Amino acid sequence: MINTPSAPINSFRTEVRPNDIPAVKRLVLETGFFSEEELAIAIELVEETLTLGAASGYSFLIIDDEQNTDQIMAYSCYGAIPAQPSCFDLYWIAVPPQHQGRGLGSQLLIETEHRVVAAGASLLFIETSGRELYKPTRGFYEAHGYVCKEIIKDYY
């Protein structure tokens with residue numbers, strides 16, 4: 001059963017701002033899930049979007065922290081797969097522990113799904129780890145109707 005968020009988000013910020021670089025870094029670190037290499041990639045996607053805009057191929061949904069405008073509570077990053085415009089990747093969805101359990105991840109995922117469908121997607125690919133640490137993450141996606149299509153042993 002999917003938890004219903006107690007306070008739905010009425011709007012998501014989609015434009016990336018320079019202060020999102022340290023905010024994303026802090027948020028990704030707080031999750032405790034990602035390696036230094038993954039952290040560098042998360043920051044790189046923000047920087048590339050700041051530099052290239054829509055030409056970067058990355059789209060963001062950001063839930064700002066209303067109490068601290070330099071912080072974000074959660075975000076997703078997604079984009080069309082080059083040469084496969086009907087297929088999208090969900091590159092990132094991150095909610096730090098202090099904001100988990102409030103439905104923010106569900107709201108981000110659902111809104112991301114709506115936006116990729118509106119952009120013409122028929123498939124949304126989500127890649128995650130098979131490590132035990134990621135068991136709740138896999139459960140989150142399964143609770144939203146996703147199924148594992150392939151396991152690549154020792155991929156990372």
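Start by selecting Ser-76: leaving aside residues up to four places away in sequence, Ser-76 touches Ser-59, Phe-60, Leu-61, Leu-90, Trp-92, Ile-93, Leu-108 and Thr-112, where a contact means heavy atoms within 4.5 Å. Before going on, note that this is a predicted model, in which local features need pLDDT of at least 70 and side-chain atom pairs count only at pLDDT 80 or more, while totals for chains, interfaces and linings use all residues. Residues are numbered from 1 along each chain as its sequence is written, and side-chain values use heavy atoms, with hydrogens and water left out.

**Stop 1**

Keep Ser-76 selected. Is it buried or exposed? Ser-76 is buried, with a relative accessible area of 0%; buried means under 20% relative accessible area, exposed over 50%, and partly exposed in between (1.4 Å probe, protein chains only). Now show its side chain together with that of Thr-112: a polar contact of 2.9 Å joins the two. A polar contact here is a pair of N or O atoms within 3.5 Å; within protein, one must be able to donate a hydrogen and the other to accept it, and residues adjacent in sequence count only if both atoms are side-chain atoms.

Ser-76 is found in strand E2. Helices (H or I, at least four residues) and strands (E, at least two) are DSSP runs, numbered from the N terminus. Select residues 72-81 to see the whole of E2: 8 of its 10 residues are buried, so the strand is largely enclosed by the rest of the structure.

**Stop 1**

Two strands count as paired if DSSP finds at least two bridges between them.

How do E3 and E4 run, parallel or antiparallel? They run parallel, joined by 4 bridges, and the bridge partner of Phe-88 in E4 is Leu-124.

**Stop 2: two nonpolar cores**

Next, show the side chains of Val-24, Val-28, Phe-60, Ile-72, Tyr-75, Cys-77 and Trp-92: in the largest nonpolar core, which has 18 residues, these touch the most other members. Helix H1 (20-31), helix H2 (36-52), E1, E2 and E3 are the elements that give two or more residues to this core. The largest share, 5 residues, comes from H2. A nonpolar core is a set of buried Ala, Val, Leu, Ile, Met, Phe, Trp, Tyr and Cys residues joined through side-chain atoms within 4.5 Å.

Zoom in on Val-28: not counting residues up to four places away in sequence, Val-28 touches Phe-34, Leu-39, Ala-42, Tyr-75 and Trp-92. Apart from this core lies another, of 17 residues, among them Met-73, Ala-74, Leu-108 and Leu-124.

**Stop 3: helix H3**

Select residues 104-118 for helix H3. Which residues of H3 are buried? They are Leu-104, Gly-105, Ser-106, Gln-107, Leu-108, Leu-109, Glu-111, Thr-112 and Val-116. The buried residues of H3 pack against E1, E2, E3, E4 and helix H4 (135-143). Just after H3, Gly-120 takes a positive phi of about 100°.

**Stop 4: Gln-98**

Move to the loop between E3 and H3, where Gln-98 is found. Gln-98 is partly exposed, with a relative accessible area of 47%. Its side chain and that of Glu-30 are joined by a polar contact of 2.8 Å. For a distance to draw, pick the C-alpha atoms of Gln-98 and Pro-136: these residues are 38 apart along the chain, and the atoms are separated by 16 Å.

**Last stop: the whole chain**

Zoom out and colour by element. The chain has 4 helices and 4 strands, running α-α-β-β-β-α-β-α from the N terminus on. Its C-alpha atoms fill a box of roughly 40 × 35 × 30 Å, taken along the principal axes. Of the 156 residues, 37% count as buried. Among contacts with a separation of 6 or more, residues 24 or more positions apart account for 58%.
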